[in-house]
Amino acid sequence: MTDSTPSTPRTALVTGGAFGLGAAICQHAARAGYRVAVLDLKLEDCEALLPKLAGTGHVALQADVTDEHQVHAAFEKLGVTPHLVVSNAGIVRFGPLIEHSIDEFRKAVNVNLIGTYIVDREAALRMKTIGGGSIVNLSSVNAITPGPGSGGYPASKAGVAKLTEHLSLELGQFNIRVNCVAPGFIDGGMSAPIYANPKVRELRGGAVPLRRLGTVDDVAESVMWLGSDAAAYVTGHQLVVDGGLVHSALLHLPRV
Ligand SMILES: NC(=O)c1ccc[n+]([C@@H]2O[C@H](COP(=O)([O-])OP(=O)(O)OC[C@H]3O[C@@H](n4cnc5c(N)ncnc54)[C@H](O)[C@@H]3O)[C@@H](O)[C@H]2O)c1
């Protein structure tokens, strides 16, 4: 089965879809023939993206992913069960762990991990009734190698990776695949302020084995592949999209 036919386009719902990686994922999904549901905190931000998407029939949905009632209402408003749900909404709160406020740590876990669980749960309950579906979560290389000074972000993203595995083994029986994409140094979204500094761009890009920063399109391509029928036998997988970064610990050390 293909991902869409002219008469019955499949629906893809993307959380945190208004900006950054989410907006790129929405654009790739629209180009792949999906009817796209852009979900974010503010309806007007979602609506602003719709004219930039290829095709027609796309919808804007407001919800805070940490609120299960808002998430439920957004899926109800959509009116159809999406074949693809991308749990992309996320935040980072910087700070060294022992100086970080507990409230900021809690916020990162609440949006990144609990918000992902709330959305995936709502999606899976509905996908089960239509014979299956595909969920792609956004983790991070921070799930594998924590970035110092990034507060609750690495722990929350490691939680997303483990949640992905756990959901995949419980949902396989319903033909629901659950995977995640772990982006590395990405030139966009929440990292855009970091790479506004040319020195940081040069140093970080040069530290990556592929010798460049990643783009939002690099990530969106991987999300779309994992979410599509091309990955029909892949579930519980974390696809690292980092130009080789997490394997590069020994790359920059001198040899004697
Ligand atoms: N940009 C990167 O370098 C990078 C690297 C690794 C992983 N990621 C992950 O990719 C995802 C997207 O990040 P981004 O870089 O595009 O960030 P971003 O800040 O540009 O976009 C995040 C989006 O999520 C939305 N959002 C935040 N809290 C929300 C909530 N409670 N409910 C609904 N929507 C909410 C925001 O409004 C925004 O549209 C995140 O999960 C992030 O952790 C990003």
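Biologist: Which polar backbone atom lies 3.0 Å from a nitrogen atom of the ligand?
Modeller: That atom belongs to the backbone of Val65. A polar contact here is a pair of N or O atoms within 3.5 Å; within protein, one must be able to donate a hydrogen and the other to accept it, and residues adjacent in sequence count only if both atoms are side-chain atoms. This is a predicted model, in which local features need pLDDT of at least 70 and side-chain atom pairs count only at pLDDT 80 or more, while totals for chains, interfaces and linings use all residues. Residues are numbered from 1 along each chain as its sequence is written, and side-chain values use heavy atoms, with hydrogens and water left out.

Biologist: Let us turn to strand E1. Is it buried or exposed?
Modeller: All 5 of the 5 residues of E1 (residues 11-15) are buried, so the strand is largely enclosed by the rest of the structure. Buried means under 20% relative accessible area, exposed over 50%, and partly exposed in between (1.4 Å probe, protein chains only). Helices (H or I, at least four residues) and strands (E, at least two) are DSSP runs, numbered from the N terminus.

Biologist: Which way do its residues point?
Modeller: Thr11, Leu13 and Thr15 point one way from E1, and Ala12 and Val14 the other way. In a regular strand the side chains alternate between the two faces of the sheet.

Biologist: Which strands pair with E1?
Modeller: E1 pairs in the parallel sense with E2 (residues 35-40) over 5 bridges, and with E4 (residues 84-87) over 3 bridges, also parallel. Pairing requires that DSSP finds at least two bridges between the strands. Thr15 stands opposite Leu39 in E2, and Val14 opposite Val86 in E4.

Biologist: Now helix H3. Which of its residues are buried?
Modeller: In H3 (residues 68-78), they are Val71, Ala74, Phe75 and Leu78. Seen down the axis of H3, they fall within an arc of 95° (taken from the directions from the helix axis to the C-beta atoms), so they line one face of the helix.

Biologist: What does the face turned away carry?
Modeller: It carries the exposed residues His69 and Lys77.
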